[in-house]
Structures are given as C-alpha cells and as structure tokens.
Amino acid sequence: MVLVSAVRDYVNRMLQDISGMKVLVLDSQTVSVVSVAYSQSELLKKEVFLVEVVDSISKSRESMSHLKAVCFLRPTSENVQHLRRQLASPRFGEYNLFFSNILKDTQIHVLADSDELEIVQQVQEFYADFVAIDPFHFTLNIPSNHMYMLPAVVDPPRLQQFCDRVVDGVTAVFLAMKRRPVIRYQRTSDIAKRIAQEASKLMYQQESGLFDFRRTEVAPLLLIIDRRDDPVTPLLNQWTYQAMVHELIGIEDNKVDLRSIEKLPKDQQEVVLSSEQDAFFKANMYENFGDIGMNIKRMVDEFQQLAKSNQNIQTIEDMAKFVDNYPEYRKMHGNVSKHVTLVTEMSKIVEERKLMVVSETEQELACNGGQVAAFEAVTNLLNNENVSDIDRLRLVMLYALRYEKESPVQLMQLFNKLAARSAKYKPGLVQFLLKQAGVDKRIGDLYGNRDFLNIARNMARGLKGVENVYTQHQPLLFQTMESIIKGRLRDVDYPFIGNHFQQGRPQEVVIFIVGGTTYEESRSVALQNASNVGIRFILGGSVILNSRRFLKDLEEAQRIARSSTNMV
C-alpha cells in the first residue's frame, strides 16, 4: 500500500457515502494532506462545492443549512474548541467529523456534550496525518523544524510539541499500512532516541489494541535517523528535475510559485508538479537536467504536430473531433508551457549564479579526496565576483565538513575570506554546523573513508570513471538502505527499542529523518524500490529541505542557542 493511494482512499471514503452538496472543512495542516492527493476538479465531482478552513468558519455567521459539512481535522485541542463553537450555533445542515489521528476520550466527551442539536452524523478516525508528496515519500511540514538541533533544556515545551508531531505522523503511516513495526534509532542522536521511545510506548503500550494487526512473518522496520548524520546532501546543488526545481525555485506541497517571473499569464503563476497528475513529470522527475531539455523539446514537437492537425478543420466531422479532443489539447498546452517555463527559469539561474562551475567543486568536495586541490578551487570561487553569497557559504561548509580535522589552518583562512567577501554572512555559522554535525558527531561513513568496504567501492568507482560529474554524489541514505538489504545495519549504531527484535529481513521499511528529507534522497528511495530487491522503502521527514531551508534552520538554531547561553 503506497502513501498517495492510502490518502486518496481515506478522502474517497469520507466523501462517497454522504450524498448531496457538501462543504469540506479542513485545518492548516489537513489542507496540505488533501491538496497533494486530490485535485479541485476531483473534489467537485464528489459534490464538494466549498472548501473552508476551520478557524474561519467560526467567524462567519452566514447560514448554509443546505450544505453538509465534512470536517477533516487534526485532533488538536484548538480544533475541538472550533468545533464546539460551531456545534453550539451551526452554519451547516449536518456535520460529519473525521480526525486524522487518535482522538482522546476527553475530546470525544467534549464533542458529544456540545452536540445538543444532534447534528453530528458520525465521528471517525482516518489516519492520514502526513503529507504524501510521492508514492514513497511523505513529509510533516513542521514549522519549527530547527528545534531538532537544540538541546532539550533550551525550550522543553516546544521540543515536546515537535516530538509529538513526529510521533503522530509516524504512527499514522503505520495505522494506514495496518502494521506495527519494530523500531530502531540512530545511537548518536538524543532526539531520534526520544522519538523512537515515545513511538514505541504508543504502539506497544498506550494504544496496543489499535495496533493489534494480523502479524506478518517479519515485522516491518521503522528506522529513525537524524539529519545531522548527513549534512552534505541538503547543502548540494541538484541536477535532477524534481530536486533541481526545489533547490532553485522551491516546491511546496507539490506546487511551484512562479509569481516572481515577469510576464507570465495568470493561470501559470502557480503550477502543480505531481507525479500522480502529470505523466511527463512522472517520467522525467528523476532524469538529469541535460536529458530534460531534450525530452521537453520532443514534447514541444509533439504538441506542434497536434496544433497543426487542429488547424486543418474542413468538415463537420473534423470540427466534432476537435471539440471532443479540445480538453486534452488544452491540458497538453498547459503542460508544455509549464515545463518550458520551469526549465527556462532554471537555465537562467544556473547561468546567473555560475552553478556549473560551483557544482563541480561541490561534487568534488562531497565525493573525492584531494585537500590541496579542493582548497584552491574553493578559494578561487570565493574570489569570483559572479559567485553568490549563498554559494560561497555552502562551499566553505562543504569544505569544513570534509577537512575539519585535516586542515584547520586553511579552514581559518576560508572563514576569514568568507567574512570579508559576504556582507550578509553570520559569523560562526560554519563553526555551529561543525558543532552540530562535525565528524565527532556523525555515525555513518559519510565520505566512504571509515569503512574498508566503502574505501574499496570508492576506489572502484574512481577507476571506472563517473558517468556525470554533476550527479556523482549519493546520499548516505543509499548506504543505509544497502546495509538493511544485506542485513548489515549494526545493532550498536542503530539499537532496537524494547525487546522487539527483527527476525530475518523486513519486507517494508520506513526511514524517518528528523530534521527533514531531500528530493535527492527520495529519488534514491524510488530507484531502490524500482530495482525490486524484495524490500519496499518509504521515506519520511519533518520537512522537505533545500539548501536555503537547511541554512535557515541552522541560523535559527544558532540564534536561539546563543540567546539561551547569554541568559544563563
């Protein structure tokens, strides 16, 4: 069972049994859950004529008793209060309440007591408490994502909120899959351990009855790891389609905001990039930039052929055929212009920021040794007027992560040069990254130079040469998946929670990255699943990162860490 179809199935079940005109009432988080899985035209087909946000329905007094309310909300105390107010003076004819996670008994009592007019038809739990971006990739869109970098003492209530949201999201995925996993976590991460313990307590103690599914031969695995074990992947420029759009322009809930581009028609200022709704994107989302250009040209040629045949309307039959095919023609026209716009805009950014040159050095820093050459390449780029501030910062960070122990003197020279060249650079940010995710904090073999097998593999790769210099990097997650497939994930590094151990190789694995995933990693998961090794991987995270978001979280954590030490 794949994530997107699970969410679609839940939405179908909410809407299909309620006949007549409906209003769909969502909250700020379930809006994302529904919008990535269901298009507006599909909602219309289910007779949903209005979509409202729960906190705004209480403000409006206009009665719409001809509409039936289908409420799909997270079971938070705020949402229960909104519903209480609604039920006391209802705007709609009836209310069907669906919650995206487990309701507390007290919340059920509050709702029952509020329903004096007996307009609530049903209360159900439908476990779609995650945003299913792609079939094997989900996110939780947690706003205060920087919390994972801070020690627990800095802000205990907010850290608890962060952990609660992750536990809710992860347990919902397993409730949707109807499975109870064994749980492992990264030994060096306090927050991964805490989340693993709290998830285990929920699944095996507090709600064990809910998780009492028919056992599979080998239980699935939930592995909770920390973003800081691989800080390199979110810092790199990307050269495959989906990852590149997110890195250079930004994707939010499968939508791309293009309002900053001048002279775009109104209907193209926000476009949808979904593998479920766009066949071209589905076929090309993991292809590299060079191939995308050629594939788009092919699509444009096909469209021009179609347009030509439509100009040749001579008989009534031709006209009827054109009218029948017109919706498909319009859809294709919209799709062609969307992808042409995206690729044109990205080509412009690549040229402006000289990303071909920058990225070659980034890949060298991430994948190959050679400290002297690396220092020279980074120094040259710091001196290059055309290189932007964010690219300079990323280059120094990538150098620091790689050579922090080998060349402290040169590292200081790069810090000084960076501070002199970049006016906006916040002092100490690179050092803060090393404190968070330096070599002493990491457990994985990030550069393939700790583990004998990895050293041999890298040598072999070096001898064979690399197919594409811009996409030679593989995220650490790739090695983690390989270790799971081969049964080599070490217990000392990734301990089990409680006395629930894995007998044999799991068939389903959910890897959750606290601190966020990247589209490069979700590509790695999709390719691994396509290779059909008998294990299906699902990737989840607190947010979906690009380098800007990763740096923003780092800056925010640094700011809070500084102010909390000043207060002591």
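Me: Which residues lie nearest the centre of the largest pocket?
Reply: This is a predicted model, in which local features need pLDDT of at least 70 and side-chain atom pairs count only at pLDDT 80 or more, whereas totals for chains, interfaces and linings use all residues. Residues are numbered from 1 along each chain as its sequence is written, and side-chain values use heavy atoms, without hydrogens or water. A pocket is an open set of points on a 1 Å grid over the protein atoms alone, with protein on both sides within 12 Å along at least five of seven lines, and lining residues have an atom within 4 Å of a point. Of the 38 residues that line the largest pocket, those nearest its centre are Val-271, Val-272, Gln-277, Lys-331 and Lys-338.

Me: Which element gives the most to the lining of the largest pocket?
Reply: Helices (H or I, at least four residues) and strands (E, at least two) are DSSP runs numbered from the N terminus. At least two lining residues come from each of α2 (30–37), α3 (40–45), β11 (270–272), α10 (279–284), α11 (289–311) and α12. With nine residues, the element that contributes the most is α12.

Me: Which element gives the most to the lining of the second largest pocket?
Reply: This pocket is lined by 34 residues, with Arg-74, Thr-76, Asp-164, Arg-165 and Asp-168 lying nearest its centre. The elements α4 (54–57), α5 (77–88), α7 (156–177) and α8 (190–206) each supply at least two residues of the lining. The most, eight residues, come from α7.

Me: Which residues are linked with Arg-74 in a network of salt bridges?
Reply: A salt bridge is a side-chain nitrogen of Lys or Arg within 4 Å of a carboxyl oxygen of Asp or Glu, and the whole structure holds 28 of them. Arg-74, Arg-165 and Asp-168 are among the residues nearest the centre of the second largest pocket. In the network, Arg-74 is linked with Asp-129, Arg-165 and Asp-168.

Me: Which residue forms a salt bridge with Glu-521?
Reply: The closest N and O atoms of this pair are 2.8 Å apart. Glu-521 lies in helix α20 (519–530) and Arg-227 in the loop between β9 (221–226) and α9 (241–248), so the pair ties together parts that are 294 residues apart in sequence. Both residues are buried, where buried means under 20% relative accessible area, exposed over 50% and partly exposed in between (1.4 Å probe, protein chains only). The partner of Glu-521 is Arg-227.

Me: Which element supplies the largest share of the lining of the second largest cavity?
Reply: A cavity is a set of grid points where a 1.4 Å probe fits but cannot get out. The largest share, three residues, comes from α19.
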